[in-house]
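Here is a protein model to explore together. Keep the sequence and the 3D view side by side, and follow along one piece at a time.

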Amino acid sequence: MNDCALNTLRPTQADNGLWGYVDSNGVFVIDPIFSYAYDFKDGYAEIRDEQGERGIVNTLGQWMSYPDPQSIMDIDPEVPEFETYLNNLRYEYREQTSILSEKWGSYREPKEGLAAVKDSNGKWGFANLNGELICPCQWEAVGDFNEGLSWVADDDYKCGLINTKGQIVVKPKFHTIYCKEGLLHIAKDENHWGLAYKDGNIITQCLWKEDIQYIDLATTLKVKDQNDLYGLMDMDGNIISPCQWKGMRYEGDGLIDVLDQEDRAGVIDIKGNIIYPCQ
């Protein structure tokens, strides 16, 4: 399970008074059907149903019953119940991956409940933990699932995205594409990067010389133009500070150290305002 994906799903109470989990865009990806929901840890979260009974849910929204508390205490009275249950799940996970090894000669560690598998023709697809094929082996290469999406590459090594049902979300046409913090990072070659929403709609075209970096995850992105100068952009693709800085380093508390084209140092904030002029 990708660390980013584990930390992206957030317990949220819906208008119906019940709890579910939203992604980084605030969209419910696990329906609000619980009387309460806790944070994810190692790919699993504790929840309570409408009757208050405890259970466990994974990042795909699959429900697993909680073990008998007494049996947990018999295992190790010093270990909290949830930690012990996670250890049990890890054991079950190892058992399940043994099924994959029996059915597939080549496979990778499962992410978000799906494992990349390769058939006898050298093509890649995805199988569930029972070894059943979810996405046909038709791709020259594939990534791992993150936030419900994985990159795939066709015979020309053009990259696109599929979802956990094997459906194409973005047709293969990019040099690079991957998901981070609810956005798609796209590139038409090594020196032209852009951003898109998860449905494939473009936020900013592939204008930037290097992969776009997050300075403040909520508001601000760092971009580098083809003249090797840095600037700031918001999450909707609007320029906050034009590309005019030779160097840029985030120092926290909303402040950014900058170096102008004459190698003079100054400070701006994440809205592009000059705090200390370069001198």
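Two strands are said to pair if DSSP finds at least two bridges between them. The strands themselves, like the helices, are DSSP runs numbered from the N terminus: a strand is a run of E with at least two residues, and a helix is a run of H or I with at least four. Before we use these terms, a word on the model: it is predicted, so local features need pLDDT of at least 70 and side-chain atom pairs count only at pLDDT 80 or more, while totals for chains, interfaces and linings use all residues. Residues are numbered from 1 along each chain as its sequence is written, and side-chain values use heavy atoms, leaving out hydrogens and water.

Let us start with a sheet. Strands of a sheet pair through backbone hydrogen bonds, either parallel or antiparallel. Here four strands form an open sheet in the order 12-13-14-15, with antiparallel pairing. Strand 12 (141-142) and strand 15 (168-174) stand at the edges with a single partner strand each, so one side of each has no neighbour in the sheet.

Now walk across this sheet. Strand 12 and strand 13 pair over two bridges in the antiparallel sense, and alanine 141 has alanine 153 in strand 13 as its bridge partner. These strands form a hairpin with six residues between them, and in the turn glutamate 147 has a positive phi of about 60 degrees. Strand 13 and strand 14 come next, joined in the antiparallel sense over five bridges; one of the partners here is asparagine 163 in strand 14, which bridges to leucine 149. Their hairpin has five residues between the strands, and tyrosine 157 takes a positive phi near 60 degrees. Finally, strand 14 (residues 159-163) pairs with strand 15 over three bridges, again in the antiparallel sense, and isoleucine 162 stands opposite isoleucine 168 in strand 15.

How covered is strand 13? Residues count as buried under 20% relative accessible area, as exposed over 50%, and as partly exposed in between (1.4 Å probe, protein chains only). Strand 13 is mostly covered, with four of its five residues buried.

Next, look for charges. Side chains of opposite charge can pair when their charged atoms come close. A salt bridge here is a side-chain nitrogen of Lys or Arg within 4 Å of a carboxyl oxygen of Asp or Glu, and by this rule the count comes to 13 salt bridges. One of them joins aspartate 144 and arginine 108 (3.1 Å, N to O). This pair links distant parts of the chain, 36 residues apart: aspartate 144 is in the loop between strand 12 and strand 13 (149-153), and arginine 108 is in the loop between strand 8 (106-107) and strand 9 (114-118). Aspartate 144 is partly exposed at 33% relative accessibility, and arginine 108 is partly exposed at 26%.

Arginine 108 has another contact to find. A charge sits over a ring if NZ of Lys or CZ of Arg is within 6 Å of the ring centre and within 35 degrees of the ring normal. The charged end of arginine 108 sits over the ring of tryptophan 124, 5.2 Å from its centre. Lysine 222, in turn, lies over the face of tyrosine 230, at 4.6 Å from the ring centre.

Two further salt bridges are worth a look. In the pair of aspartate 260 and arginine 264 (2.8 Å, N to O), aspartate 260 is buried at 8% relative accessibility, whereas arginine 264 is partly exposed at 36%. Arginine 249 and glutamate 251 have their closest N and O atoms 2.7 Å apart; arginine 249 is exposed, with a relative accessible area of 55%. There is also a network of salt bridges linking Lys209, Glu210, Lys224 and Asp228.

Last come the aromatic rings. Rings of Phe, Tyr and Trp (its six-membered ring) pair if their centres lie within 6.5 Å; planes under 30 degrees apart count as stacked, over 60 as edge-to-face and the rest as tilted. The structure holds four aromatic pairs. Among them, tyrosine 36 and tyrosine 38 are edge-to-face, 4.9 Å centre to centre with 75 degrees between the planes. Ring pairs link Trp19, Tyr36 and Tyr38 into a cluster.
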